[in-house]
Amino acid sequence: MKDKFIESFKEALEIDRPITMSDKFRDYDEWNSLGRLSLIANLDDQFDVTIEDEVFQKLITVEDLFNEVAKRAAAKN
Amino acid sequence: MALISFNGVGIRGLAAAVPKQVVNNYEYTQYFDKDSVRDIVEKTGIKERRFAPANICSSDLCFAAAERLIADLNVDRSEIDLLIFVSQTPDYRMPATGVLLQERLGLSKQTAAFDMNLGCSAFVYGLSVVYSMMQTGGFRKALLLDGETRSRIYSPKDRKTAFLFGDGGVAALIERDEKYGNAWFSLNSDGSKESLIKVNAGGYRNPSTPETLEEKVVDEHGNIRSEEHGYMNGADVFNFVLLEIPKDIKKLLSFSNTAMDSLDYFVFHQANSYMNDYLKNKLKLDNSKVPASIEKFGNTSSVSIPLTIVSQLKDNLAESKKMLLCGFGVGMSWATAVMNFENCHISELVEV
């Protein structure tokens, strides 16, 4: 699932280079509110997950985001 | 559960009016650089909007639309027994703008007239109220007037909202006739999400003061607005739409025993192209059944559904069409309807 998540995340932000789980994603040049919309769409489409903004704001690294997505996806199954 | 149905009430005709002034979004660059503006325009799909000048209110756009509709359909004004004005940009705090429009349109003093205060869900909500009152049999004809000057609400210096909103006004004439058959509505509210789209000050909870009018930098991106400008949490609005709208549509289709395939058109509130396209794909809808006017008029709040019908479906509504209308937004408030359009008259778009 982690690989699928990373691909989905990179596609949403239009990132071509490798990224690491410890990256603080808000530091990426590609991070902005438009990329955020794509990320919301990808998480819904590919993981059936939505994350309310209040929780999302506390997620700092790519890993934080992955863990939250994995937790919510698991809760659905 | 607010699931309701009506029989023998329908929309005889629709007209829309927009301001003449076209704002080209690619050139709306006085506060932001051209490259980031282009990115926003391409993602949201909003290329142009209409802005009303200071002396034109929502009511003026509705008035122009109503006059056009009355003339086109040769309506006897004395038969209009009900006028409902839906807007969040009325002329005054009081009196109700609907009452002023009764006078301006030359309607009788026996006309019932009032306002409804809702945003993007308001056209569908307004129709549900008009249909309810019409079904009593006590009203001959009704005018639903729906107008917004959202361009005045949002700060041009807040990139989250500066490129989205436009102005417009519509008039719908509603009548009773067996030919319309059944109409179904689902009406919903979630006040726990009041802060997602909000003008925080200038009402009675937080009255207008010099401080509430003061423009401030509000985030790390340097966006600037005052407490009396509109604020929107776009991410949570999108989350809300994903969670609630497909569910509501399925609920109404089931309640009305309507097959998705039997619908001719799905007319959604025009929020932005990215979200609307995603919603369309999520629901697996055929592109040709989902008209869009967002490119030309932007997000006009409650006006966007009827404005899309007037501007995009004028030549497609001959004979009988089964339509799904769905509005969602500020409140949060959302409403879905399934109804038949029977030779619905669509007036030429009016420019004011």
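Start with the salt bridge count between chain B and chain A, which is one; the term means a side-chain nitrogen of Lys or Arg within 4 Å of a carboxyl oxygen of Asp or Glu. Select Asp44(A) and Lys282(B): their side chains form a salt bridge, 2.8 Å from N to O.

Before you click on, note that this is a predicted model, where local features need pLDDT of at least 70, side-chain atom pairs count only at pLDDT 80 or more, and totals for chains, interfaces and linings use all residues. Residues are numbered from 1 along each chain as its sequence is written, chains are lettered from A and ligands numbered from 1 in the order in which they are written, and side-chain values use heavy atoms, with hydrogens and water left out.

Next, show the whole interface. Here 14 residues of chain B are in contact with twelve of chain A (heavy atoms within 4.5 Å). About 1300 Å² is buried between the two chains, with carbon and sulfur atoms giving 61%; buried area is the accessible area (1.4 Å probe) that two parts lose on being put together, summed over both. Pick out Lys43(B), Asn239(B) and Tyr278(B), which supply 34% of the area that chain B buries against chain A, more than any other three residues.

H6(B) gives the most, with seven residues.

Stay on H7(B). Its buried residues are Ser273(B), Met275(B), Asn276(B), Tyr278(B), Leu279(B) and Lys280(B) (buried is under 20% relative accessible area, 1.4 Å probe, protein chains only). Their cover includes helix H2 (33-47) of chain A, along with H1, H6 and strand E14 (265-268) of chain B. At the start of H7(B), a side-chain oxygen of Asn272(B) comes within 3.1 Å of the backbone nitrogen of Tyr274(B). After H7(B) comes Lys284(B), with a positive phi near 55 degrees.

Last stop: Gln270(B), in the loop between E14 and H7 of chain B. Is Gln270(B) buried or exposed? It is buried, at a relative accessible area of 2%. Polar atoms of the Gln270(B) side chain lie 3.0 Å from the backbone oxygen of Phe268(B) and 3.1 Å from the backbone nitrogen of Ile294(B). Leaving out residues up to four places away in sequence, Gln270(B) touches several others, including Asn276(B), Pro291(B) and Thr308(B).

Definitions and conventions: Helix = DSSP H or I, 4+ residues; strand = E, 2+ residues; numbered from the N terminus. Buried < 20%, exposed > 50% of the residue type's maximum accessible area, 1.4 Å probe, protein only. Polar contact = N/O pair within 3.5 Å; in protein donor to acceptor, adjacent residues only side chain to side chain.
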